[in-house]
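Look over the model first, then read the points by topic.

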Amino acid sequence: MAVTRALLNHILIHIQQVLPDYSVQLMPNNLKNYQFVHSLGTVLIGYQRSKFKKPRSTDLIVQERHLQLRFIVFARALDGENGVLDLLDSLRLALVGFQPEHCQQIRLLSERFLGEADGVWQYRLRARTETLQVEQRPVINQQNLVKSIPTRGEIKARAISHSVISKE
């Protein structure tokens, strides 16, 4: 099951709905060759890393997974309406408290100015959410499982035969 991709897609849809005037995309395979072409601004969404806590002691391995996300923001102006600062404010508001499927609410970690070139301003915003990573096990053949559970009649018959054998 592609949990990370589903998480990114869920966030993508949410931000597209909140910021309909901007381009919102998943991070391209080659960020260095990315061409910013939108007239106002763009938000790129990417997965950065995960950290895992020690497993909980259960029959299955269950670990907390702390996912770190990054958002690269491009805009053609620094300040003013539709500038990068307004876009960052709107993005922060869209992210803080948003709860993707199977995850905790998103929290912000940091924000950083990445540079300006040819009138294009660029910032990075990092955020975090948590989920559980659970061991995947094969499905038990339920037909055989049901056959292996004795009925009341079988339990009584065993008890009677056990008491008869133990009296002899």
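An angle between axes under 35 degrees counts as roughly parallel, over 145 as roughly antiparallel, 65 to 115 as roughly perpendicular, and the rest as oblique. Keep that scale in mind for this predicted model.

**The helix pair**

- Two packed helices are described by the angle between their axes and the distance between the axes.
- Helix α1 covers residues 3-18, and helix α2 covers residues 84-95.
- Their packing angle is about 130 degrees, and their axes lie 10 Å apart.
- α1 and α2 are therefore oblique to each other.
- The crossing of α1 past α2 is right-handed.
- On the α1 side, the contact uses I11, H14, I15 and V18. On the α2 side, L91, A94 and L95 take part.
- By class, this contact of α1 with α2 holds six nonpolar residues, one polar residue and no charged ones.

**The sheet**

- Strands of a sheet pair through backbone hydrogen bonds, either parallel or antiparallel.
- Five strands form an open sheet here, in the order β1-β2-β3-β5-β4. The pairing is mixed.
- β1 (23-26) and β4 (107-117) are at the edges. Each has a single partner strand, so one side of each has no neighbour in the sheet.
- On average, neighbouring strands are turned by 25 degrees against each other, direction ignored.
- β4 and β5 (residues 120-134) run antiparallel and are joined by nine bridges.
- E111 stands opposite L125 in β5.

**Helix against sheet**

- α2 lies across β2 (41-52), β3 (62-75), β4 and β5.
- α2 runs at about 155 degrees to β3.

How values were computed:
Residues numbered from 1 in each chain as written. Predicted model: local features only at pLDDT ≥ 70, side-chain atom pairs only at ≥ 80, totals over all residues. Heavy atoms only, no water. Axes fitted to C-alpha atoms, helices over the stretch in contact; angles between N-to-C directions. Helix = DSSP H or I, 4+ residues; strand = E, 2+ residues; numbered from the N terminus. Left-handed = near helix turned anticlockwise from the far one by under 90°. Contact = heavy atoms within 4.5 Å. Nonpolar A, V, L, I, M, F, W, Y, C, P; charged D, E, K, R; others polar. Pairing = 2+ DSSP bridges.
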